[in-house]
Every structure is written in structure tokens, then in C-alpha cells.
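Student: I am new to this structure and would like to learn how to read one of its strands, step by step.

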Amino acid sequence: MTGGYAGRILWVDLSSGRITETPTADYSDRFLGGRGIAAKVYWDKVPPGGKALDADNAVILATGPIGGVPVFAGSRWTVCGKIPSVEQFSYGNFGGRWGAALKFAGYDAIVVQGKSEKPVYLLVHDGTAELKDASALWGKGAIETREILKGEFGSALRVVAIGQAGENMAVMANLIADNDAAGSKGLGAVLGSKKMK
């Protein structure tokens, strides 16, 4: 880690199924923390006239330099993107263990763009990331989804998911992460529009 960052950003294009990485240093020398990096990614990658539920909108899940450090606020992480209720950039702030797990997996952020044709989820493990079929999870609540995935991959798995509100693109839909940490602002609807559980 350099300067508190794990050093990599994961880019997921749901339209093509392509997953790539770039160095966090492309952003971290000028923009502070997860929200700062997420804001810069958003301004660079999302067309200004686009709508929240368009494929071009990005959902950015990010940690900052103290993410994963066992100190006050070391468990904080953010999710950012254009929200459907007001069609402008916004963010939700989380606690729980998911942000620290992202850092321990070697990433500072995950950027999700595009739209999948079928429900999918992203599994990050053992230095790899892959999109998996989420058809069996679609229609289930976020907490039920978390428990199903933990049952399949083990209790150490850290999960953030959307429920039925996100799947149905309700403008208030949120994300639920481990320890029942919730991030509001309607970004769950954006993930639902992308078919990402």
C-alpha cells in the first residue's frame, strides 16, 4: 500500500462483460479519499446530459486511505453516481466491514458502467474478479441475498447487495452491506437498472 491506498481501481463494463484495472495513483495524487476519487471518475466518465438509469451512468464504490485501518472511521466507504430522484451526482456513506474487505482484496474502488442483459453479481476473490449469474438471486431481498452468498462462499465473504426496490428501480432504493450498513440516495435503483445484484 502507498499512502494508505491499495493501489488499484477495478472497472466493470456490464454491457461487454469486460473487467479491467487501473492504478489508483492516476487519481489519488490530486483527489482525496474515496469520495474525491469517485467524483473525479464520475466527471470523467459520465456524460453530462445522461440520465441516472442510462447505461453510461457509473456507480462507484470506494474507500479512502484510512479504510481498513482499525481506528475511528476506518470502516467508512462510499457509493457515488447520478441518482434518479434529482438526476444529479450524489453519494451514500456506509460503515460495516465491506469497505475494509475491498481494501484487503487489493482495490480502492470499483466502477460499474453499462447494462447487463441478465442479472449478475461481481465476485472478487484471490486476486481476481468475475461476473457471475445472479438469476437465482433476482427477486430476493438484500439481506437474504447476503445470507445465500455467505452460505455458498463462507461466512468470511463480505457482501453489498440490492433488494427488490433496486431491481424495480424505485427512486429511493438503497444498498445493504455487511452489518446491515445502508447507503441511501437511490443508487440501488441505478444498480437495478444495470441488472447488477
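This is a predicted model: local features need pLDDT of at least 70, side-chain atom pairs count only at pLDDT 80 or more; totals for chains, interfaces and linings use all residues.

Tutor: Residues are numbered from 1 along each chain as its sequence is written, and side-chain values use heavy atoms, with hydrogens and water left out.

Student: How many helices and strands does the protein have?

Tutor: Helices (H or I, at least four residues) and strands (E, at least two) are DSSP runs, numbered from the N terminus; here there are six helices and eleven strands.

Student: Is strand S3 mostly covered or open?

Tutor: A residue is called buried under 20% relative accessible area, exposed over 50%, and partly exposed in between, with a 1.4 Å probe and protein chains only. Buried residues make up 49% of the 197 residues in the protein, and in S3, residues 59-63, five of the five residues are buried.

Student: Which residues lie on each side of S3?

Tutor: In a regular strand the side chains alternate between the two faces of the sheet. In S3, Val 59, Leu 61 and Thr 63 are on one side and Ile 60 and Ala 62 on the other, and both faces are covered.

Student: Which strand does S3 join through four bridges?

Tutor: Two strands pair if DSSP finds at least two bridges between them. Four bridges join S3 to S6 (residues 109-113), running antiparallel, with Leu 61 opposite Ile 110. S3 also pairs with S4 (residues 77-83) in the antiparallel sense over four bridges, where Thr 78 is the bridge partner of Ala 62.
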